[in-house]
Amino acid sequence: MTLPESLFENLRLELRRGCLTLAVLAQLKQERYGYTLRKALAARGMEIDENTLYPLLRRLEAQGLLTSEWREEDKRNKRFYRLSSEGEEMFAWLLKEWNEINTAITNLL
Amino acid sequence: MELLDRYLQAVKKHLPWERQDDIVAELKANLEAQLEDKEAELGRPLTKEEMEAWIQQLGSPLLVAARYGPQRHLIGPALFPIYWYLLRLVIGWTTLIYLIAKTVEIGAKGLSGHAVLDAALRLPGIWLINAAVVTLIFAVVEAAGARFPGRYIPFAPMSPVWLPAALPPLAKSAGERPRSFAKALAEVIFGWLLLAWLLLVPRHPYLLLGPGAWVLASLPYKLAPVWWPYYWMLVAIQVFELAWSSWELARGTWQRPRRVRPLITHTMGLASLAILLSAPDHALFLLKNPAADAAAHGAALASLNKGLTGALALAAAIVALQLVWSVGKMGAETYRKRRAAQ
């Protein structure tokens, strides 16, 4: 990877990092487990590597933004996540911030 | 499936022990569902090679497990600026206090190359201990902050307190306000007068000491011969300063900022102090009549010489520090200008 390519990759990851949290919170208004969440995000154009998504779910839960429970589905135990009340509040704030940034960038371009 | 289980076992080994089973169970459920989807798409089970390729693409067990780690830095970005500021402050003050303490100690015990070398060699160890203590404290604060986010560690109040009104006035750079012609001329005129005064002092000591010259003459002490080379070094410094100022005036370059000249003057000043410190047995004053006065005034003279040597060693250390600071500042300025020009 040449320098501009690797620099682009670093900047791209930096740009995506915050957006991923917002995307995950947006999709977890409805209860999902890790793999179906990943598929739902990918279907809407937000591909996330499993090694990023699954630890991210754990972190968001530790921060109190998600709740989870183990439940059997299709004869397999799965951990289902959904937004907590704090998560819903945080999602509203982040969404407002995202919209403001989006408007600002659009105005700048 | 056996390969997936082996993979998960390898991941588990590197996970935080208290959450190993929970994480692996979740990962297993997700990966098995993903595998089922793949096989449903193909309409057959994956071959051994396809399975290996898929597992390979999931990433190395060590790196996958690392993503579940609680914290991957010793001091995080929120705390780092305060840490870095305090670290520099602690190292700077420690160095200054150490140098002053060592100078006084060496001055009191007598100057020797071994003592200076020993003091210099101990300094990196002192830096290391201080840096380790500061780093350890901040690492503990960071770890506590990560464990109890926003609850017990008040990060915001830890930022250095500052008030806009207390900010220092704008610094004037050397080139911002050039010296006026009148100031440059006054420097040359007073420089000549100072040189004349300096040259007259040995024959007319009252020009330096006033009435104290007659008091000194009545004392049983006299200056040691080492004061002569020191005196001529002072004259050399004054001649150098005068020649430089006169040359600037003659060439019309007195407005240019002076960068090298203070370094030369500092170096010569340090050399002059070194001359005094190299006096045999640190005897800066001697008895006029050693045979007659040794018993009565010998002890007082030894005490005087010791005290004076200590004070000179301290002065030499301060001048040396100023010199190092000036050279460092000049080097940093040159580097910054070069970087800016790139």
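Before going on, two notes on the model. It is predicted: local features need pLDDT of at least 70, side-chain atom pairs count only at pLDDT 80 or more, and totals for chains, interfaces and linings use all residues. Residues are numbered from 1 along each chain as its sequence is written, while chains are lettered from A and ligands numbered from 1 in the order in which they are written.

**Stop 1: along α12(B)**

Centre on His297(B). α12(B) bends there by about 70°, the bend being the angle between axes fitted to the seven residues ending at a residue and the seven starting there. Now select Thr309(B), Gly310(B), Leu312(B), Ala313(B), Ala316(B) and Ala317(B). These residues of α12(B) are buried. Buried takes 20 or more other C-beta atoms within 10 Å of a residue's own, exposed 12 or fewer, partly exposed in between, with C-beta atoms placed from the backbone. Show α5 (80-109) and α11 (260-277) of chain B as well: the buried residues of α12(B) pack against them.

**Stop 2: the whole of chain B**

Zoom out. Chain B has 12 helices and 2 strands. Helices (H or I, at least four residues) and strands (E, at least two) are DSSP runs, numbered from the N terminus. Buried residues make up 11% of its 342 residues. Take contacts in chain B between residues at least 6 apart in sequence: 79% join residues at least 24 apart. A contact needs C-beta atoms, placed from the backbone, within 7 Å.

**Stop 3: Leu242(B)**

Pick Leu242(B), in helix α10 (residues 227-251) of chain B. Is Leu242(B) buried or partly exposed? Leu242(B) is partly exposed, because 17 other C-beta atoms lie within 10 Å. Beyond four places in sequence, Leu242(B) contacts Val188(B), Gly191(B), Trp192(B) and Leu195(B).

**Stop 4: the largest core**

Select Leu28(A), Leu57(A), Leu66(A), Val11(B) and Leu27(B). They touch the most other members of the largest nonpolar core, which has 26 residues. Such a core is a set of buried Ala, Val, Leu, Ile, Met, Phe, Trp, Tyr and Cys residues joined through C-beta atoms within 7 Å. α2(B) gives the largest share, 5 residues. Stay on Val11(B). Beyond four places in sequence, Val11(B) contacts Val24(B), Leu27(B), Pro61(B), Val64(B) and Ala65(B). A second, separate core of 10 residues includes Leu273(B), Leu276(B), Leu312(B) and Ala313(B).

**Stop 5: where the chains meet**

Colour by chain. Here 13 residues of chain B are in contact with 12 residues of chain A. α2(B) gives the most to the chain B side, with 8 residues.

**Stop 6: the sheet in chain A**

Finish in chain A. Its open sheet of 3 strands has the order β1-β3-β2, with antiparallel pairing. Strands pair if DSSP finds at least two bridges between them. The edges are β1 (32-33) and β2 (66-73), each pairing on one side only. Between β2(A) and β3(A) there are 8 bridges. Last, select Glu72(A): opposite it stands Asn77(A) in β3(A).

Methods
Contact = placed C-beta atoms within 7 Å.
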